[in-house]
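Welcome, and thanks for taking a look at this one. Please open the chain in your viewer and keep it beside the text as you read.

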Amino acid sequence: MTNRNYRVDDNAGSHVVRLGHDLPHHGVDRTFEQAVCQAAHAAGLSPAIEHAEPGVMVMAYVEGRTLEPDTLRDVRTLSAVSPLIRRCHQEIPPLLNAPARTFCPFESVRRYAVELRNRHIDDLLALNERLERGLPPPETAFGHNDLLAGNLIDDGRRLWLIDWDYAAYSRPLFDLANLATNNALEGHLERVLLESYFQRVPDEATWEEYRALRVASLLRETFWSMMSELLPTADFDYAGYTRTNLARLDAERRRYERRGPS
């Protein structure tokens with residue numbers, strides 16, 4: 001939604017050419033993204049970077065199937081994704097040759113709100129602050145922070161994780177909550193996701209943080225979309241995406257508040 005991507009075939013094989021400049025309003029730094037891609041490849045998570053220069057990145061093409069939300073609701077597939085996320089959290093930091101960056105969904109919402117003064121967002125900002133105040137001090141890991149199904153590729157032998165625009169140090173549970181809300185994972189699928197990630201049954205405090213971050217994930221995605229409506233980026237129906245996210249956020253908020261305190 002913020003890049004142009006092309007498959008290019010030549011005598012050396014197949015490649016993906018990714019075109020995109022910095023997006024300051026979204027906190028996207030392409031130089032850092034390239035460094036993360038190099039580290040992710042070194043960790044065995046992402047395709048090789050074959051060339052990089054300002055505004056352009058060329059990667060090895062992976063012959064495979066881009067996942068869909070329905071695919072991720074298969075228990076076997078979901079159980080394979082959790083270890084990939086855990087490896088991202090643990091294995092990228094020692095391989096990353098770039099200054100550390102952080103990602104906080106609550107801070108993202110506040111930053112977007114400065115530019116969205118003409119929208120009716122006071123209630124959403126209040127929700128943002130309540131959620132953040134209710135969470136424990138953050139533990140951090142190196143997160144992907146944009147776990148759409150389309151950012152996972154199955155080549156028939158293994159899974160690949162791509163698109164590192166928003167990668168940075170963040171709460172590890174944000175990635176799990178973000179994957180869940182982006183792909184409508186609920187009930188027993190949530191248990192599969194968290195238990196396969198932690199390799200144990202999570203305690204109630206972990207579940208409480210995860211549930212709050214589900215709401216935060218949709219809140220941040222809604223503000224991201226509202227901000228994108230104002231920017232001359234990709235040819236995409238951001239207004240429609242905002243309406244979809246507002247509806248999803250409302251449903252998730254009601255689900256969270258209906259459950260009440262533990």
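The model is predicted. The protein chain holds nine helices and nine strands. Its radius of gyration is 18 Å, close to the 18 Å from the globule rule for 262 residues, so the chain is as compact as a globular protein of that length.

**Overall build**

- Along its principal axes, the C-alpha trace of the protein chain spans about 60 × 45 × 35 Å.
- Of the 262 residues in the protein chain, 50% are buried.
- The accessible surface of the chain comes to about 12700 Å², and carbon and sulfur atoms account for 51% of that surface.
- If you look at contacts between residues at least 6 apart in sequence, 73% of them join residues at least 24 apart.

**The four-stranded sheet**

- Four strands make up an open sheet, and their order is β1-β2-β4-β3 with antiparallel pairing.
- The edges belong to β1 and β3 (49-53); each has a single partner strand, so one side of each is left without a neighbour in the sheet.
- Ignoring direction, neighbouring strands of this sheet are turned by 20° against each other on average.
- Strands β1 (residues 4-10) and β2 (residues 13-19) run antiparallel and are joined by seven bridges.
- The link from β1 to β2 is a hairpin through two residues.
- To follow this pairing by eye, find Arg 4, which stands opposite Leu 19 in β2, and Arg 7, which stands opposite Val 16 in β2.
- On to the next pair: β2 and β4 (residues 56-60) are antiparallel over five bridges.

**The three-stranded sheet**

- A sheet of three strands is also open, with the order β5-β7-β8 and antiparallel pairing.
- Its edge strands are β5 (65-66) and β8 (159-161), and each of them pairs on one side only.
- Strand β7 (residues 152-154) pairs with β8 in the antiparallel sense over three bridges.
- Within that pairing, Leu 152 stands opposite Leu 161 in β8.
- Which strands does helix α3 touch as it packs on the sheet? Helix α3 (residues 75-91) is in contact with β7 and β8, and the direction of the helix makes about 40° with that of β8.

- Asp 203 sits in the loop between α7 (188-198) and α8.
- With a relative accessible area of 42%, Asp 203 is partly exposed, because that value falls between the 20% and 50% cut-offs.
- The side chains of Asp 203 and Thr 206 are joined by a polar contact of 2.8 Å.
- At 1% relative accessibility, Ser 228 counts as buried, because the cut-off for buried is under 20%.
- A polar atom of the Ser 228 side chain lies 2.9 Å from the backbone oxygen of Trp 224.

How values were computed:
Residues numbered from 1 in each chain as written. Predicted model: local features only at pLDDT ≥ 70, side-chain atom pairs only at ≥ 80, totals over all residues. Heavy atoms only, no water. Pairing = 2+ DSSP bridges. Contact = heavy atoms within 4.5 Å. Axes fitted to C-alpha atoms, helices over the stretch in contact; angles between N-to-C directions. Rg over C-alpha atoms; globule rule 2.2 N^0.38 Å. Buried < 20%, exposed > 50% of the residue type's maximum accessible area, 1.4 Å probe, protein only. Areas by Shrake-Rupley, 256 points an atom, 1.4 Å probe, with all protein chains shown as cover. Polar contact = N/O pair within 3.5 Å; in protein donor to acceptor, adjacent residues only side chain to side chain.
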